[in-house]
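Hello,

Here is the structure I said I would pass on. My notes on it follow below.

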Amino acid sequence: MPTQPVQDPEENLPDWLRALRKRQSQEPSEGLGAENAPSDLPAAASEPEPRQEPSWLQEIRARYKKTTGSLPATEGTELGDTQPHRVKAADQAPVEETPAAEETQPPMEEPQAVKETPPAFEEEIPESQDEESGAEETIKPSYTPAFTEDQVPIDPGVLPSWLQALRPGGSYPTEDARSGEMLPGVEETSGPLAGLSDVLPADASIARVEKPPVYSARLEVTENQGLHAAVFIKMLDETEPPPVDEAHRVARPTRVLNLIMATVLFLSVLFPLVTQSQTAGLPDPQLFPEATNVYSLIDGLPAGAPVLVAFEVQPALNGEITPLAIAILGHLLDRQAQLVFISTRPSGPALAERMLQEQFSAVPAVATGAYTQLGYLSGGLAALRSFISDPRGATLSTMSAGADAWQNSSLDPIRGINSFALIVVVSSNAEDARAWIEQGAGVLPNGLVAVTSAQAAPLLRAYLQSDPLTLLGLVSGIQGAALYERLRAQDGGLGRAYWDAYSYGIGAIMLLILLGGLYGRLIRMKPEKPITSGAARGT
Amino acid sequence: MNLRVNTPFAAAVAIAAGLFMLASLFIPGLEEPRNRVLNWAVLLAALAMLLGLANLFTVHFDKVRNKQQPAYSAVLILAMLIAFGLTVWEGSQAQLPSWIFNNIQSPVEASLMAVLAISLTLAAARLLQNRNDLMSIVFVMALFILLVGSGPLFGIEIPFFTSVLGPYVSQFLSTGAMRGLLIGVALGTLLTGLRILIGADRPYGG
């Protein structure tokens with residue numbers, strides 16, 4: 001680009017900026033190359049005035065003039081991309097330049113500014129630039145370039161060892177004819193290949209070997225933004241993270257609540273037992289006709305009638321079953337029934353035996369062993385079906401001990417399940433009682449009665465109204481025990497003793513549920529407090 | 001040694017046994033062979049329980065050998081061997097096996113049930129706090145009616161609840177619900193039996 005003689009713009013620049021531009025103009029740009037130099041710089045900025053050169057540069061220039069007698073040609077950095085020139089001679093061409101490349105190289109034009117280039121370069125000035133040549137000739141470099149080809153003391157076409165070491169190895173492609181077409185007349189202006197033409201340009205990101213730019217980490221913020229940031233940082237400092245162990249905070253009141261509830265329940269049940277309170281009214285028999293049916297069936301048994309007692313009780317619910325079973329078995333023993341025990345649960349025979357020995361050891365039938373333990377009937381529903389079909393043919397646990405219960409002469413009249421005058425199923429859960437009802441529905445014309453825990457009653461109650469009738473009567477829970485003792489006009493029974501404790505326990509449970517429900521409602525209705533720093537910290 | 005039967009033979013045996021048991025309920029004269037087959041099933045069930053015992057022993061013995069909480073497994077194996085040995089040696093009605101049952105097993109299970117009662121009370125008390133919707137309120141109301149209707153509270157009887165409302169809920173509403181449940185169970189059992197009889201379900205393999 002031709003430069004126009006203009007007024008020196010650096011006169012108004014400060015000294016430091018002037019010195020900086022002077023250094024930029026004197027030192028060839030590293031890495032970027034001349035073609036990447038900033039184009040918006042004023043032309044005068046790249047041409048420092050000779051009178052402004054420092055003394056050391058003037059000395060170098062003087063020595064140079066003494067040795068060479070002329071100024072070296074510039075590398076075309078001032079002329080830039082608009083006035084390319086080419087290396088004419090083949091000996092000045094890059095190493096390994098092929099003849100085909102020479103033939104295909106288009107003629108290159110020599111800018112005006114390189115008229116004073118060393119003899120190695122031949123001037124070919126295009127006609128289009130003849131008019132500008134006059135202006136170009138006035139441009140003379142005012143500095144000593146760091147590298148000029150005419151003063152390089154190396155033979156043309158022979159690269160020094162250090163340059164050969166820098167050159168890429170054999171893995172890189174060599175120059176071919178296409179380079180001339182692709183990059184007509186472009187001469188490398190920097191790097192180890194400076195001065196060579198027809199060089200394949202490296203990718204910008206690959207060729208960039210300088211250190212990565214260091215950007216400032218400081219944000220350029222306005223004063224207002226800085227104030228906002230300060231307020232935000234202050235808010236973050238005041239806000240504490242949520243409690244670390246949330247589960248621990250939840251578990252502690254739950255554990256305390258558990259202890260309180262257990263204590264209240266324990267005391268409410270223990271108090272009537274200790275004081276032997278009998279203030280609670282007994283249940284009304286009119287409300288429980290199924291219990292009255294059980295009483296009537298047992299009360300109508302003739303003396304010595306065989307009664308099968310299926311004792312399907314788990315140890316966990318034995319405490320609830322015990323007062324009820326005592327009431328029923330006591331009634332049966334009073335009627336001098338011949339009791340035959342069996343169970344489809346392994347724990348059933350042991351619990352039945354314990355109850356008999358603890359509660360009825362004074363009864364002659366128990367004391368003399370006038371009852372029969374058939375033992376445990378393993379096999380679930382299949383075994384139960386087998387026993388109902390053929391009681392004598394069923395496999396019982398007592399047989400494994402070498403004792404056949406059916407050898408007892410008192411059981412001789414019993415030939416089938418229908419030989420029993422009554423079947424009483426004492427069950428702690430509904431499934432066992434249901435199995436007896438369903439498996440014996442078609443075989444037991446007289447049906448059976450169930451003595452169960454309170455949790456089994458709702459399910460079994462549906463069988464009370466079946467047609468044909470499969471369940472003749474039902475007594476359940478502590479309530480049933482108290483009711484049955486009332487029917488028998490029995491005083492001092494275990495059911496009556498437990499009835500007050502049951503009443504107080506139910507009352508305590510009701511109270512706890514109501515208080516807990518109200519507390520839950522209050523917690524939900526309570527508006528949330530605004531979060532303060534102290535509350536967030538848990539202080 | 002893997003003795004798994006994976007041929008149609010297993011399915012044929014199972015289907016034939018099921019059809020025979022079903023037919024014996026309707027055809028007179030088949031009671032005796034039916035009871036014999038049922039006794040086979042009872043013996044197989046007893047053997048299966050022994051196999052379960054052996055499997056339990058093997059699992060916990062491996063835990064002791066691999067030191068995976070060996071103390072608990074060692075206690076379990078020791079208790080199992082003592083109870084099993086004493087019961088086999090003396091019989092289930094003997095003094096020592098009865099003492100073990102009455103003084104160890106029964107109190108432990110009763111204690112667990114007592115803990116369950118407290119946990120259920122706590123759950124009911126916290127129900128409205130944790131889940132405050134319509135069904136929770138209905139559940140708590142039904143619980144309230146049944147508990148009040150089951151007997152006097154603190155020795156004080158509330159007439160309307162114990163004589164009218166409580167019996168109505170426990171004897172009519174719950175009975176209706178249980179009948180529906182039982183009908184569903186019966187239909188499911190019938191369908192399961194049919195699927196096994198036609199070979200659609202083969203839980204025994206084959």
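In chain B, residues 24 or more positions apart make up 32% of the contacts with a separation of 6 or more. This is a predicted model. Chain B has 7 helices and 0 strands, so written from the N terminus its elements read α-α-α-α-α-α-α. Of its 206 residues, 11% count as buried.

The interface comes next. Chain B puts 51 residues in contact with 56 residues of chain A. On the chain B side, at least two residues each come from helix H2 (31–66), helix H4 (95–125), helix H5 (127–130), helix H6 (134–149) and helix H7 (159–197). H4(B) gives the largest share, 14 residues. Sorted by class, this side of chain B holds 25 nonpolar, 20 polar and 6 charged residues.

Because 5 of its 5 residues are buried, S5(A) is largely enclosed by the rest of the structure. A:Leu448, A:Ala450 and A:Thr452 point one way from the strand, while A:Val449 and A:Val451 point the other way. In a regular strand, side chains alternate between the two faces of the sheet.

S5(A) has parallel partners in strand S4 (residues 422–427), joined to S5(A) by 4 bridges, and in strand S6 (residues 471–476), paired with S5(A) over 5 bridges. A:Thr452 is the bridge partner of A:Ser427, and A:Leu448 has A:Leu471 of S6(A) as its bridge partner. Together with helix H16 (residues 430–439) of chain A, S4(A) and S5(A) form a right-handed β-α-β unit.

Regards

How values were computed: Residues are numbered from 1 along each chain as its sequence is written. Chains are lettered from A and ligands numbered from 1 in the order in which they are written. This is a predicted model: local features need pLDDT of at least 70, side-chain atom pairs count only at pLDDT 80 or more; totals for chains, interfaces and linings use all residues. Two residues are in contact if their C-beta atoms, placed from the backbone, lie within 7 Å. Ala, Val, Leu, Ile, Met, Phe, Trp, Tyr, Cys and Pro count as nonpolar, Asp, Glu, Lys and Arg as charged, and the others, Gly among them, as polar. A residue is buried if 20 or more other C-beta atoms lie within 10 Å of its own, exposed if 12 or fewer, and partly exposed in between; C-beta atoms are placed from the backbone. Two strands pair if DSSP finds at least two bridges between them. A crossover is right-handed if, with the strands pointing away from the viewer, the path from the first strand over the helix to the second runs clockwise.
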